[in-house]
Amino acid sequence: LEEGLIESRTGALLEAFDLATRVDARIGALSKGMRQKLLFSGALLHDPEIIFLDEPLSGLDVRSTILIKELVRGLAGAGKTVFYCSHMMDVVERVCDRIVILREGRIVADGSFEELAARSSESQLESIFAELTGASDASQAVSQVLAALDLS
């Protein structure tokens with residue numbers, strides 16, 4: 001990339017993520033959320049066709065969370081392929097066009113949220129995920145914890 005384009009993109013990304021005033025800071029001096037925004041910015045700098053995001057909302061404030069979700073939608077809308085890995089099923093449900101659910105390294109579901117919901121008795125992705133991966137026993141664990149704390 002030419003130098004002017006890199007500078008232009010860098011400035012826009014730093015401004016968008018409220019990092020412009022911290023441009024001279026060491027990465028280790030940044031908060032987790034600031035480091036996350038910096039990493040996301042770096043991933044976009046070269047305008048890649050394929051973007052891998054692993055828990056991209058971790059440590060972010062509300063404004064940055066909204067920004068990242070909208071950027072993911074915008075990138076996908078612009079024809080980019082975005083692999084979005086997350087344990088936050090409500091976000092995956094709203095942001096992703098295609099969802100792949102893994103259990104022990106194997107694909108147990110693949111499709112749009114609507115397709116997955118049509119194949120399930122559940123109406124939320126979190127519940128569909130729990131049903132397909134065997135994670136639906138959480139209520140029993142909650143009962144055990146509450147009983148151990150004498151709260152049941």
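**Figure 1. What lines the largest pocket.** By class, the lining of the largest pocket holds 18 nonpolar, three polar and four charged residues. Here Ala, Val, Leu, Ile, Met, Phe, Trp, Tyr, Cys and Pro count as nonpolar, Asp, Glu, Lys and Arg as charged, and the others, Gly among them, as polar. This is a predicted model, where local features need pLDDT of at least 70, side-chain atom pairs count only at pLDDT 80 or more, and totals for chains, interfaces and linings use all residues. Residues are numbered from 1 along each chain as its sequence is written, and side-chain values use heavy atoms, with hydrogens and water left out. The largest pocket holds about 770 Å³ of space. Of its 25 lining residues, Tyr84, Cys85, Arg98, Ile99 and Val100 are the closest to the pocket centre. A pocket is an open set of points on a 1 Å grid over the protein atoms alone, where a 1.4 Å probe fits and protein lies on both sides within 12 Å along at least five of seven lines; lining residues have an atom within 4 Å of a point. Grid points are joined across faces, edges and corners, and the volume is the space filled by probe spheres set on the points.

Figure 2. At least two lining residues each come from β1 (50-54), α3 (62-77), β2 (81-85), α4 (89-95), β3 (99-103) and α6. Strand β2 gives the largest share of the lining, with five residues. Helices (H or I, at least four residues) and strands (E, at least two) are DSSP runs, numbered from the N terminus.

**Figure 3. Tyr84, a pocket residue on β2.** Tyr84 sits in strand β2 and is among the lining residues closest to the centre of the largest pocket. With a relative accessible area of 13%, Tyr84 is buried; that label means under 20%, exposed means over 50%, and partly exposed is in between (1.4 Å probe, protein chains only). Skip the neighbours within four places in sequence, and Tyr84 is in contact (heavy atoms within 4.5 Å) with Leu53, Pro56, Leu57, Val72, Val91, Val92 and Cys96. For scale, Tyr84 and Ala141 are 57 residues apart in sequence, and their C-alpha atoms are 28 Å apart in space.

**Figure 4. Phe17 and Asp18, side by side in the α1-α2 loop.** Phe17 is found in the loop between α1 and α2, and Asp18 lies in the loop between α1 (3-16) and α2 (32-44). At 0% relative accessibility, Phe17 counts as buried, whereas Asp18, at 44%, is partly exposed. Neighbours within four places in sequence aside, Phe17 is in contact with Lys37, Phe40, Ser41, Leu67, Ile68 and Leu71.

Figure 5. Asp150 is in the segment after α7 (138-148). Asp150 too has a positive phi, near 55°, in a residue other than glycine. Its relative accessibility of 68% makes it exposed.

**Figure 6. Ser120 and its partner Glu131.** Ser120 belongs to the loop between α5 (113-118) and α6 (125-133). At 16% relative accessibility, Ser120 counts as buried. Its side chain makes a polar contact with the side chain of Glu131 at 2.8 Å. A polar contact is a pair of N or O atoms within 3.5 Å; within protein, one must be able to donate a hydrogen and the other to accept it, and residues adjacent in sequence count only if both atoms are side-chain atoms. Apart from neighbours within four places in sequence, Ser120 is in contact with Ile128 and Glu131.

**Figure 7. His46, between α2 and β1.** His46 lies in the loop joining α2 and β1 and is exposed, with a relative accessible area of 52%. Neighbours within four places in sequence aside, its contacts are Leu1 and Arg9. His46 and Ser123 are 77 residues apart in sequence and 38 Å apart in space, C-alpha to C-alpha.
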